[in-house]
Amino acid sequence: MSENMSLHLITYSQELVDGQPIYISSNCSPLKAFRFEPAGHSFHSAALRLLGCFEEEGEDEADRNVPNDKEQSYFPSSGSYSSKGKKKSGAEGKQQDHYALLGLSHLRFLATEDQIRKSYRETALKHHPDKQGALILAEESEAAKKAKKDEIENHFKAIQEAYEVLIDPIKRRIYDSTDEFDDEIPTDCEPQDFFKVFGPAFMRNSRWSVSLPVPTLGEENTPIEEVDIFYNFWYTFKSWREFPHTDEFDLEQAESRDHKRWMERQNAKLSEKARKEEYARIRSLIDNAYKRDPRILRRKEEERADKQRKKQAKFLAKKLQEEEAARIAEEERIKKEEEEKRAAEAASHQKKVKEKEKKLLRKERTRLRTLSAPVLTKNLLNITEDDVESLCMSLETEQLRNLCNKIEGTEELERAKLLRDARGDNNDSTGKKQVVKNPQQNGSVVVNGNVQLGKHEKKEKPWEKEEIELLRKGMQKYPKGTSRRWEVISEYIGTGRSVEEILKATKTVLLQKPDSAKAFDSFLEKRKPAQSIASPLTTREETEGVPIQNGPESNASNKDNLKESSSTSGKQQNPDDVVASNGVVSSSDQDSWSAVQERALVQALKTFPKETNQRWERVAAAVPGKTVNQCKKKFTLLKESFRNKKNAV
């Protein structure tokens, strides 16, 4: 056998040469040498690129951008995985009906595990190749027998594959998710056809529910509580449906661990997108049903009517309340107007009565002045015009009428006597009023010009400055929280003050504002009590009710008046009223006030108001020749005379 020698030729494509062979001889490798050789996935990728089976424009451009003098290494990229490991689609990827192979088409996803096992046993025994020998022998040609045998074996393998998928929960869930299903969502319907349209839609989609049992849509008369339970369930619906995609990657075809992880990430993205679309589809079904459910619409209408009814009731209640308030205000206004009218009528009547009384009083006063005019003209019994005016101002209307009736029709001397008697009675009544007006409160009695307290009234000892200072220091030394604080402060003061007195002093004495006239207070406290002496302003002779006149006639009349007054006063004079031999003025002389003393008293009362500390001591010091008790007594008389004049007017 001869050895045949042949020459191997390298040919190129038509674009390079015109089909003419080119002879090339070289001793170098056509491959580019690197320090590191690719291995694993990188080896396959490099080999495919060199063979021209797999190229990418982006990768070629990246290779062009890399300088030739730098070392290169091959790493897997997402682009290298993009077209590898995808599941086949079309006729080759068309899946078979597993439930039909096992004879469970009528049950499908409702079939239980026991039913699947039982059906598989029956189908496997029936379609086992060993049981189908008669069918193979029935064929005439060998080719037909071989084809029949392959068909039987493929059918049996499909049964086994169907059993493996349906018996595995995960694979069966994936298969059931891809099973034929009507995803259509009803959008609109007539109110009377609501349950016919949406009931089957909810029934179809309830197969994907994780929670079982799934509540049904119900009917027209279903209680509203069950309707709420139904919609609450579907608004929180959880589906077990898987979403295999035609572009999913088969993990079993992964070339490496990184390739498998990349496939898992891509599959997870596709599944998440499909899951979101599924939940949006379910949510649209629930929203459409909720908007058109006649039971929900009826409840909303009832709630709207109830709300409107409450609003109307509230409006009516507010209106009634306003009307009631207006009625009450009107009644109060009418009542107030009636009261004001009655008060005005009463005031008018009282005013008329007062005017009438004033007219009568003026009439009686004029009558008295007219009747006493002859007496005043002849100056009988020392009756002066001031005496008549005093009677007119001091006597009441009835008293003036009685006096005028007595005087009317009598002689002049008899009139003078009646006027003198009336003047004496008036002085006696004025003296009684002065005694009554003296400060006698709580059973106190006036003895020798001093006020004595009653039996049940306890006289409180005044606080001295040293005690007040000790009280302040004690309160600072023993603050709040000290055990038996007030007893300790009482012992600290050391003057025998009780706890009640100390508590009262903290609310009165310590809260008093400091007086600016401290120098005068210290002067009043430190000065020695001086004997009361007659003021040089009162040494002049003054007769009660008779003014001092000049001339010989006045001297003569004064002598007569002095004799008469001395004769009358000698009968009524008490031993206590006699002037002492040492020059001290008696109590009767001390009760007499001169015009200067009265002016000094009035000025002192204005200078030292009620709030002044030690007021009456200061007033007495400002009035010459008068004590505190005398000033108080004179103040009471002045106040009483002012009130009488005011009432008379």
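Q: Why does Trp-234 count as buried?
A: Its relative accessibility is 1%, and buried means under 20% relative accessible area, with exposed over 50% and partly exposed in between (1.4 Å probe, protein chains only). So Trp-234 falls under the buried cut-off. A word on the ground rules: this is a predicted model in which local features need pLDDT of at least 70 and side-chain atom pairs count only at pLDDT 80 or more, while totals for chains, interfaces and linings use all residues. Residues are numbered from 1 along each chain as its sequence is written, and side-chain values use heavy atoms, leaving out hydrogens and water.

Q: What makes Phe-230 and Trp-234 a tilted pair?
A: Rings of Phe, Tyr and Trp (its six-membered ring) pair if their centres lie within 6.5 Å; planes under 30 degrees apart count as stacked, over 60 as edge-to-face and the rest as tilted. Here the centres are 6.3 Å apart and the planes stand at 55°, so the pair is tilted. Both residues sit in helix α10, 4 residues apart, about one turn of the helix. Helices (H or I, at least four residues) and strands (E, at least two) are DSSP runs, numbered from the N terminus. Phe-230 counts as buried too, at 1% relative accessibility.

Q: How many aromatic pairs does the structure hold, and which residues form one aromatic cluster?
A: There are 16 aromatic pairs. The cluster consists of Phe-202, Phe-230, Tyr-231, Phe-233, Trp-234, Tyr-235, Phe-237 and Tyr-290.

Q: Which residues touch the most other members of the largest nonpolar core?
A: A nonpolar core is a set of buried Ala, Val, Leu, Ile, Met, Phe, Trp, Tyr and Cys residues joined through side-chain atoms within 4.5 Å. In this core of 21 residues, Phe-194, Phe-198, Phe-202, Leu-217, Tyr-231 and Trp-234 touch the most other members. At least two residues come from each of α9 (194-205), α10 (224-235) and α11 (257-292), and α10 gives the largest share, 5 residues.

Q: What does Phe-202 touch?
A: Leaving aside residues up to four places away in sequence, Phe-202 touches Leu-217, Phe-230, Trp-234, Leu-285, Ile-286 and Ala-289. Contact means heavy atoms within 4.5 Å. A second, separate core has 17 residues, including Leu-361, Leu-400, Ile-407 and Leu-418.

Q: Where in the chain do Arg-401 and Glu-364 lie?
A: Arg-401 is in helix α14 (residues 397-407) and Glu-364 in helix α12, 37 residues apart, and the pair links distant parts of the chain. Their side chains meet in a salt bridge at 3.7 Å, N to O. Arg-401 has a relative accessible area of 23%, so it is partly exposed; Glu-364, at 6%, counts as buried.

Q: How do you know that Glu-467 is buried?
A: Its relative accessible area is 4%, so it lies under the cut-off. Glu-467 meets Arg-497 in a salt bridge (2.9 Å, N to O), and Arg-497 counts as buried at 4% as well. Glu-467 belongs to helix α16 (residues 465-477), whereas Arg-497 is in the loop between α17 (485-493) and α18 (499-507), 30 residues apart. Elsewhere, salt bridges that share partners join Glu-364, Arg-367, Glu-398, Arg-401 and Glu-408 into one network. The structure holds 29 salt bridges.

Q: Which residues of helix α13 (residues 385-394) are buried?
A: They are Asp-387, Val-388, Leu-391 and Cys-392. They cover an arc of only 140° around the axis, so they are on the same side of α13; the arc is that of the directions from the helix axis to the C-beta atoms. On the other side of α13, Glu-385 and Asp-386 are exposed.

Q: How many helices and strands does the protein chain have?
A: The chain has 24 helices and 2 strands. Of its 649 residues, 24% count as buried.

Terms used:
Salt bridge = Lys/Arg side-chain N within 4 Å of Asp/Glu carboxyl O.
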